[in-house]
Amino acid sequence: LTFSIILRPELPSEEMNLLPLFVAVGIAAAVESVISMKVHCKWPNDLLLNGRKFAGVLMEGAVSNNAVDYVVVGIGINVNQTIFPPELEERATSLRLATGAPVDRDTLFRAVLLSLETEYDSLSASGFHQVLPRWLSYAPIVGRRVTIAQNGSALTGTVRGISKHGGLILESGGEERVVFAGDVTILN
């Protein structure tokens with residue numbers, strides 16, 4: 001199931017990195033309601049079942065006058081796929097593989113859209129930073145040792161939390177750094 005939505009949040013540009021977290025929470029809640037299994041979020045834009053990726057979020061947007069103008073959110077969910085390329089077999093899954101039964105795509109699509117709309121309306125009213133505790137409830141990453149691959153290099157450390165702007169707070173070499181992009185691998 002792949003689709004895109006366009007958002008026009010009233011949001012300062014420095015808070016744009018909260019949007020993938022909000023979308024992940026919306027998808028996680030919807031998927032849990034449809035398949036009755038625990039979903040985990042992997043910072044910043046992946047969703048996992050049993051440690052394997054089943055969904056991802058990509059965003060592209062525009063900023064003007066230090067505020068978000070619009071964001072196009074691309075969402076991909078492996079619903080009933082049963083075969084993956086060899087290079088993905090050990091890291092990817094689908095809802096069907098995780099549950100052992102086919103999942104109705106229309107039901108899932110409606111559940112995801114409703115969940116995203118509900119989350120968006122709530123966060124628009126209360127502030128997008130309110131997504132942080134909800135996202136953390138889906139992401140057992142705080143206190144874990146990770147490696148973050150960025151632009152051909154790697155940074156290893158312990159996750160201390162999520163910043164108010166959606167960055168991963170990483171303690172590495174006795175210093176705390178806030179990271180806004182990269183591919184996270186959990187080491188322990």
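Begin by selecting glutamate 119, which is buried, with a relative accessible area of 11%, where buried means under 20% relative accessible area, exposed over 50% and partly exposed in between, with a 1.4 Å probe and protein chains only. The place of this glutamate is in helix α3, residues 105–126; helices (H or I, at least four residues) and strands (E, at least two) are DSSP runs numbered from the N terminus. If neighbours within four places in sequence are left aside, glutamate 119 is in contact with Phe22, Val25, Gly26 and Arg134, contact meaning heavy atoms within 4.5 Å.

Before going on, note that this is a predicted model, in which local features need pLDDT of at least 70 and side-chain atom pairs count only at pLDDT 80 or more, while totals for chains, interfaces and linings use all residues. Residues are numbered from 1 along each chain as its sequence is written, and side-chain values use heavy atoms, with hydrogens and water left out.

Now show the whole chain as a cartoon. Its secondary structure comes to four helices and 10 strands, and along the sequence the pattern reads β-α-β-β-β-β-α-α-α-β-β-β-β-β. The radius of gyration is 16 Å, close to the 16 Å that the globule rule gives for 188 residues, so the chain is as compact as a globular protein of that length; the radius is taken over C-alpha atoms, and the rule is 2.2 Å times the number of residues to the power 0.38. Along the principal axes, the C-alpha atoms fill a box of roughly 45 × 35 × 25 Å, and buried residues make up 43% of the 188 residues.

Next, select Phe22, Leu47, Ile77 and Trp135, which touch the most other members among the 56 residues of the largest nonpolar core. Such a core is a set of buried Ala, Val, Leu, Ile, Met, Phe, Trp, Tyr and Cys residues joined through side-chain atoms within 4.5 Å. Helix α1, residues 19–35, gives the most to this core, with 11 residues. Centre on isoleucine 77 and, leaving aside neighbours within four places in sequence, you will find contacts with Leu1, Ile27, Phe54, Ala55, Leu95, Leu108 and Val112.

Move to methionine 37, in the loop between α1 and β2 (40–42). Beyond the neighbours within four places in sequence, methionine 37 is in contact with Glu32, Leu49, Asn50, Ala98 and Thr99, and its C-alpha atom is separated by 13 Å from that of isoleucine 27, 10 residues apart along the chain.

Asparagine 50, one of those contacts, is the next selection. Asparagine 50 lies in the loop between β3 and β4 (52–64), counts as exposed at 61% relative accessibility, and has a phi near 50°, a positive value in a residue other than glycine. For a peptide bond to inspect, select tryptophan 43 and proline 44, which are joined by a cis peptide bond with omega about -5°; proline 44 is in the loop between β2 and β3 (46–49). Most residues other than glycine have a negative phi, and most peptide bonds are trans.

Finish with valine 146 in strand β6, residues 145–150, a buried residue with a relative accessible area of 0%. Its contacts, apart from neighbours within four places in sequence, include Ile141, Leu155, Val159, Leu170, Val184 and Ile186. Further along, asparagine 151, in the loop between β6 and β7 (153–162), is exposed, with a relative accessible area of 84%, and its phi is near 45°, again positive in a residue other than glycine.
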